[in-house]
Amino acid sequence: MDVEAGWWVSVVGDNGSGKSTLAKHLNALLLPTRGVCFVLGNDTKDSSLHWEIRKNVSMVFQNPENQIVASVVEEEVAFGPENLGLSSEEIKGRVNWALDVTGLAEFAQKPTYALSGGQKQRLALAGALAMKPKCIVLDEATSMLDPEGRRDLMEVLKKLHDGGMTVVTITHRVEEILMSDYVAVLGQGKLTFYGRLGDVLEDSKLVEFGIKEPAIFRFCRDLKTRGLLDDEVFPRAEDMAENVVQKLCR
Amino acid sequence: MPFLEHLSLGQYVPTQSFVHSLDPRAKILSAIALITSVFLASTSLWPYFLWFVVLIAISALSKLSLKTIMASIKPVLILIIFTVLINLLFASGEELFRIFFISITKEGLAASIKMGLRLLFLILFANITMMTTSPIELSDGIESLLSPFKRFHVPAHEFAMMMTIALRFIPTLLDETDKIIKAQLARGADLDSGNLIKRFKAFIPVLVPLFVIVFQRADDLAIAMEARCYRGGIGRSRMKPLRWTLSDGLYLLTVLLTCASGVVLDKWVL
């Protein structure tokens, strides 16, 4: 499995299929017992390179409560850059930027325990972003957000991705793969599919891999078979609506 | 979080004042000096007036009312009363008067007043430092003060990091304990009846899951910290580095001089 710089890759699979294990390999938190894992050309088996790898690949974990170190929001975001030994001004700049991007600027001085679940998850993302990584890995990091919060977070990721950041999202929400360029499907610790998003949506491949499709996928296929929708349209609500309107106007 | 309302560990009162803006090291060192001198100067009672004046001065400079500061001794009031009583009742010496079989001696009375005042000032000076210094500043200050001892293998950074994490997890674990207690109550656990041993035994089903959660959290946190390039104090910088200014020096010097004059006057002059 190869991930090029600037790609957005979604990893889907059932519980226990090895998604989180895969994610931890990208940051050298776990080392391969068999085979090899190269991150930015660095072999993760060489422990002297771990620092360099972790500087460039940030991770956001599932439970934000277990990754918050400090008791004040801005101190929490500063933790990563402080570990990099940056200057005080640089750290402040990064903290303000990360809090702005994640919409937490007004909470900078708040105690971390006073934040809601969704805010804590955004704080965890801010902490990862403040490292200014080349790649960000989200391990089911949207699980505690409400639909609106999830959409906001996806918008943030999209902006970062458009700016050239490589994004890897581990998810069990199939809707979320629609933002990505590539999809990896895991099953029982093995990579069962890895390819372009278009390929996985075609011929309902997901069902073949034992992954339940969301209703919108089936709806989209239904419309396509009835000729109400063009074949190349992805099952995103906005795209579908636009295409249907276009078709009707024609 | 109902537990949190009664929690006075985080005593920090955030306001803008001269004392609040001081370097935490100046405040920690002043507190140590004040507490030491309170214990050194004890031949007569008058130095306590001096400490009281110091207390009023600090309270004025920190914009905290004397009432707020005094209120902070509430949780340890029992301890003070207990100490005073022990000193009063169990001292031998010249008898002043007698209530039934308890004799109150002159030495006992003097010792209990001194002991009570000592404890009172110890707690007040420690509390005023906690009330004017945020937990982060406090741990930064301790780390910085301990750093000269690093060459003797004193883990200054690790100590400060432990303190930061402990403070961060207090509300989380209180919340967790609350949840477990409610879950056990919902399943019919009886936590508050019977004698002490019975109650402790009933509490074990709360402690076991709590410890499991604590270890799980510790493991997750360690991984998350490692993922964020944490490798101990090596090569670590600070967003808000401590800066020692002239006013910090002057404050510490004033406190030190006051302490020294108190001790000297008490021991040799008066």
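Reply: Buried means under 20% relative accessible area, exposed over 50% and partly exposed in between, with a 1.4 Å probe and protein chains only. This is a predicted model, where local features need pLDDT of at least 70, side-chain atom pairs count only at pLDDT 80 or more, and totals for chains, interfaces and linings use all residues. Residues are numbered from 1 along each chain as its sequence is written, chains are lettered from A and ligands numbered from 1 in the order in which they are written, and side-chain values use heavy atoms, leaving out hydrogens and water.

Me: OK, which residue does E143(B) form a salt bridge with?

Reply: R238(B), with the closest N and O atoms 3.8 Å apart. The cut-off for a salt bridge is a side-chain nitrogen of Lys or Arg within 4 Å of a carboxyl oxygen of Asp or Glu. E143(B) sits in helix α7 (residues 135-146) of chain B and R238(B) in the loop between α9 and α10 of chain B, so the pair ties together parts that are 95 residues apart in sequence. Helices here are DSSP runs of H or I with at least four residues, strands are runs of E with at least two, and both are numbered from the N terminus.

Me: And what else does R238(B) pair with, over in chain A?

Reply: E82(A), at 3.6 Å between the closest N and O atoms. That pair crosses between chains, with E82(A) in helix α3 of chain A. E82(A) is buried at 2% relative accessibility, while R238(B) is partly exposed at 24%.

Me: Which residues are linked in that network?

Reply: E82(A), D140(B), E143(B), R236(B) and R238(B) are linked by salt bridges.

Me: What about R228(B), which side chain does that one meet?

Reply: E76(A), in a salt bridge of 2.7 Å, N to O. This pair also crosses between chains, from the loop between α9 (196-227) and α10 (246-269) of chain B to helix α3 (residues 73-83) of chain A. R228(B) is buried at 8% relative accessible area, and E76(A) is buried at 1%.

Me: How many salt bridges over all chains?

Reply: The count comes to 17.

Me: Switching topic: how many helices and strands in chain B?

Reply: 10 helices and two strands. In sequence order the pattern is α-α-α-α-α-β-β-α-α-α-α-α.

Me: How much of chain B is buried?

Reply: 37% of its 270 residues count as buried.
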